[in-house]
Amino acid sequence: MGCPMGFGEINIPSSRAFWDDCDEDECPKVEAKKLQLEFESCPEQAEWKNKCKRMLVFEGPSISSFAEATLLLNGSQKIAAIPSKKSSLHYVPTTKLLIAIVDEDLTPSGEICQLLLELCKAEEVITVTIKAKVEYKTENVAAVRDAITFIRSIDGVLNHIEALEAPNFIAGVAAGISSWRCNEGLKTQSYVVYTDNLALDPLAAKPVLALLKDLNIDYSSSYKPKKRDDSHLYM
Amino acid sequence: MFRLQLKDNVRLEDFKGYTVIIPSICIGNAAQLACDLLISSKNLKRVASISHPALIPCYGPSAFQHEPEEKIAACELYSCPDSKLLVFQFRSPFISTHMTSFHKELANTLNNAEKVIVLSGSLGFEKRIIDSCPYEYKASESFKGIHGDRLQNMKWKEFGGEMIFGGGNALDLYKIMDEQNVPVMILFRYLLEGDNSTDAALILSELSELCKDFLALNTDVGGLQLKVPISWKLLFGNDIPELIF
């Protein structure tokens, strides 16, 4: 299904059963190796395990540099590496906040979600998912046409943020944690940030920083995306 | 790890003797669309969700107008105790390296079911005899033992091939269910990618013929009484902006 097409090659449609590159008649029979969080130190006696009050899951494509520069202030401790691209888990002792930075990688998301759910049961979980604006479905396109970044929520407590409406949804680790907690009747707020600029430059990041402020999450506004010299016009 | 989250004091044993309908993730997502229609038309109640590494988690506002407070999940279970019906819905594709374990866990969970019907689709150009019936089925011996008479009354052809091309995980699930002696049948329609909402209604119409005693979707004047779910809104994305013209 995921094979790159050659010129003139006939594209035979496959089923949509598998997200990873697998033909339906070649489904592997051997179970994949189990993923593990790579802890910096033994988690059993760690302070965060018992004292963590809130958990923030910040997820999106290539968001690790933005999230690290914005959310990891002085005093935050890295707890573990999450086995997915540039993802990691941190703890801020002063605010008793656990921060999971997840660089979007949907293939292991179900498994990572279960690892994080087993890790700790925070009283409150907030998830922020960054998505491209083109993925937002609405009958009123004009209402969001000029916004570089706008936010929608699922069970959010901030009244000025509109609720996400069907048929929009989120997918990935944040979605898994929210879904599981929602089914268990536990407190969860999910926010979806739709943006034209996934690199989150200062202009695009403004509503995200305002959201963090409203949620009483400490942040730094000093992040500037790295300037890239490569052109999008030619290979 | 296979996690079944049951709601409102529902127990797994409550589904003993139920007919279970599972969509495979097939070409055109036709089977999932058919289950959407079935859940919406019969106002089925959400009773559980499943999470597993094979499923990409998803979460969002309710897909159905009759349950506005619910949230969508990667795998949802809906039931109708009066009809003894349990319907699965999948909202994300699978991760192939975890599929065998997921199918086995699913079969273990459903070993009390009276019968399991897997809905699917196959690539339209794989149908070699043009004017033959566009539906085929594959049923286990245990399924034929219970419902053989009904199957004979249907116009469907029995599938004798090795592979349902475009059928997704249908055949793998069928084999694992059959190994565990769960009465199981696959019903599929030959179709092509595109707007597959009509295919979904047609698959549901055939299913309704087989299960007319408890699906009860037929109207007095013939035809089916179907309700399109809100999740089908903007099926092909937003309107085209006028500015591009």
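Q: Which residue of chain B does A:Glu118 form a salt bridge with?
A: That's B:Arg3. In this predicted model, the closest N and O atoms of A:Glu118 and B:Arg3 are 3.3 Å apart.

Q: And how many salt bridges are there between chain A and chain B?
A: The count is three.

Q: OK, zooming out: how many residues of each chain are in contact?
A: On the chain A side it's 53 residues, and they touch 52 residues of chain B.

Q: What area do chain A and chain B bury between them?
A: About 4,300 Å², with 56% of it on carbon and sulfur atoms.

Q: Which residues in chain A lose the most area to chain B?
A: Those are A:Arg16, A:Glu24 and A:Gln114. Together they make up 15% of what the chain A side buries.

Q: Switching to helices. At what angle do α2 and α4 of chain B pack?
A: At about 45°, and their axes are 9 Å apart. Helix α2 covers residues 99–109 of chain B, while α4 covers residues 170–179.

Q: Which residues make the contact?
A: From α2(B) you have B:Thr100, B:His103, B:Lys104, B:Leu106 and B:Ala107. α4(B) brings B:Asp172, B:Leu173, B:Ile176 and B:Met177.

Q: How many of the residues in the contact of α2(B) with α4(B) are nonpolar, polar or charged?
A: Five are nonpolar, two are polar and two are charged.

Methods: Residues are numbered from 1 along each chain as its sequence is written. Chains are lettered from A and ligands numbered from 1 in the order in which they are written. This is a predicted model: local features need pLDDT of at least 70, side-chain atom pairs count only at pLDDT 80 or more; totals for chains, interfaces and linings use all residues. Side-chain values use heavy atoms; hydrogens and water are left out. Axes are lines fitted to C-alpha atoms, for helices over the stretch in contact, and angles run from 0 to 180 degrees between N-to-C directions. Helices (H or I, at least four residues) and strands (E, at least two) are DSSP runs, numbered from the N terminus. Contact means heavy atoms within 4.5 Å. Ala, Val, Leu, Ile, Met, Phe, Trp, Tyr, Cys and Pro count as nonpolar, Asp, Glu, Lys and Arg as charged, and the others, Gly among them, as polar. Buried area is the accessible area (1.4 Å probe) that two parts lose on being put together, summed over both. A salt bridge is a side-chain nitrogen of Lys or Arg within 4 Å of a carboxyl oxygen of Asp or Glu.
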